[in-house]
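Open the model in your viewer and switch to a cartoon view. The stops below go from a sheet to a helix.

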Amino acid sequence: MSYVVNYHPFQFPYFCRMIKVFLKNKIGRRVESGHPWIFANEVARIDGECAGGEIVQVFSHEKKFIGQGYINPKSQILVRLLSRDQRDKIDEGFFHQRILDAWNYRKKLGYIENCRLVFGEADQLPALIIDKFNDYFVIQTLSLGIDIWKPAIVDALESIFKPRGIFERNDVPVRELEGLPQVKGFLSAPFDTRISMQENGLTFEVDIENGQKTGYFLDQHDNRRAIKHIVKDAEVLGVFAYTGSFEIHAAHYGAKSVHGFDISEAAVANANENARLNRLESIVKFETENAFDVLKKWSGEGKQYDVVMLDPPAFTKSRETIQKAIIGYKEINLRGMKLLRKGGFLVTSSCTNLVQPELFLEIIQMAAKDAKRKLRQVTFQSQAADHPIIWNLENTNYLKFLIVQVL
C-alpha cells in the first residue's frame, strides 16, 4: 500500500493571494467572541474567487480583522479559523508549532504514553484529530482545509516524535460533506496495525486499522479509574463493552464477576483476548449480544447486579434525530436501573455531542422516575483532560460520565 502524500499547490510555497471574507452585520458577534466556525449564511461577500482549502482572511461587517483560516465553498461550514493573528503565516512551520504546543500541553498534564495529541478546535487545529499510542500515531483529517495540510502534519510528527508508524483513519462519512473520499492507510512505512498499549497498569491490544474510530477510546482513560471502589467484590454487568476496557478495569479492581456484552463479534473477540492478556479471563467474560435486547430481556427476568455499566456509542449526529437519541438513552438507563440491587451503582456515559450535560442528567432523572428509584450522585465527569474543553465551543464538551447509587 502506498504511503506517499501529495503536496497541494496552495501549501508550498506559501500561497500569497489573500482572499477576504466579510461577515454580515451583527451575525459576526459569535465569531468575534471566539467561535472558529463561519457558516455560509453568515457571510455577506467574498472579495475574489477562491478554491476549496485556500487560506482566507475574515473581517467583520465593519472591516475589522477577525482571523484567518481555510475555506470550502462546498461545506456548510464555509471557513474554519486557524489563527486570530493577522501576522501568522499559515505554512509548514505553523502546523509544526501548533502540534508541538499541543504535545507540550499534554506532557504538562502527565499524558505521555497514550493520549489524544490533537483535539481539533480545542488545539486551534479545526477538524484535525491525532491519537498517540506509544510510538504510533493515528490521524483523522475531517475537512478539506486540513486534509490539504496532511503532508505538513506528517512531517511535523516525524520531526517531533520519530514515530514507529503513522496511520490515517479517514474512513468516516463526515468527510463526504467536505467533498472528500473515505480512505484509510499508511502515512509512513507499513507496520503491524494491531498494537499493544498500557492504561492504568493494564494491557490492551488495539486494532488501529479496523477498530472503531482510531481503535481505542482514550477519552475514558481517567473515568475508568473512577469505578475502582464501587466494583470491589461486586457482580458487574457491562453493556456496549467494545474492547472491554471498563469491564477489565472492574475485574482488575476486585470485582467478583464481570459479564460483558457487545453486538460486534470482532470487538468481543478482542475483549476476550484483552482479558487473557491481563490474566483476568476467570473473572470477566464477553459475549456477542444486542445490548437493547439483553437489557430488556434480563430486566424482565429479574436478574440483579451490584454494578451496571453502560458505555454506548453516539446515538445521533444530527439535530433532526435528537429525540430518538433521548428515547434510546432513557431506555437503556431505565433497564440498567431495573437490573440493579437496591444500593447498587449505575455507571453510564454519553458521547453524543448534541446531548449536552444538562440534558443528559435530565434523561437519567426521567429514567429513574419511571423505574421508581432514587439516585445519589457519586461523580459526574467529562472526558479526560487530553481532550480539552473550550468554553462556548459545545463540540469540545461532548462526553458525559456519571456514577450514581440507585436506591
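Predicted model: local features only at pLDDT ≥ 70, side-chain atom pairs only at ≥ 80, totals over all residues.

Residues are numbered from 1 along each chain as its sequence is written, and side-chain values use heavy atoms, with hydrogens and water left out.

Start with the sheet: seven strands in the order E16-E15-E14-E17-E18-E20-E19, open and with mixed pairing. Strands (E, at least two residues) and helices (H or I, at least four) are DSSP runs numbered from the N terminus; two strands pair if DSSP finds at least two bridges between them.

Next, select 235-239 and 305-310. These are E14 and E17, parallel to each other over four bridges. Gly238 lies opposite Met309 of E17.

Contact means heavy atoms within 4.5 Å.

Finish at H10, residues 357-371. Which of its residues are buried? They are Pro357, Phe360, Ile363, Ile364, Ala367, Ala368 and Ala371. Buried means under 20% relative accessible area, exposed over 50%, partly exposed in between (1.4 Å probe, protein chains only). The buried residues of H10 pack against H9, E18, E19 and E20. Glu358 and Lys369 are exposed on the face turned away from the buried side of H10. Just after H10, look at Lys372, with a positive phi of about 60°.
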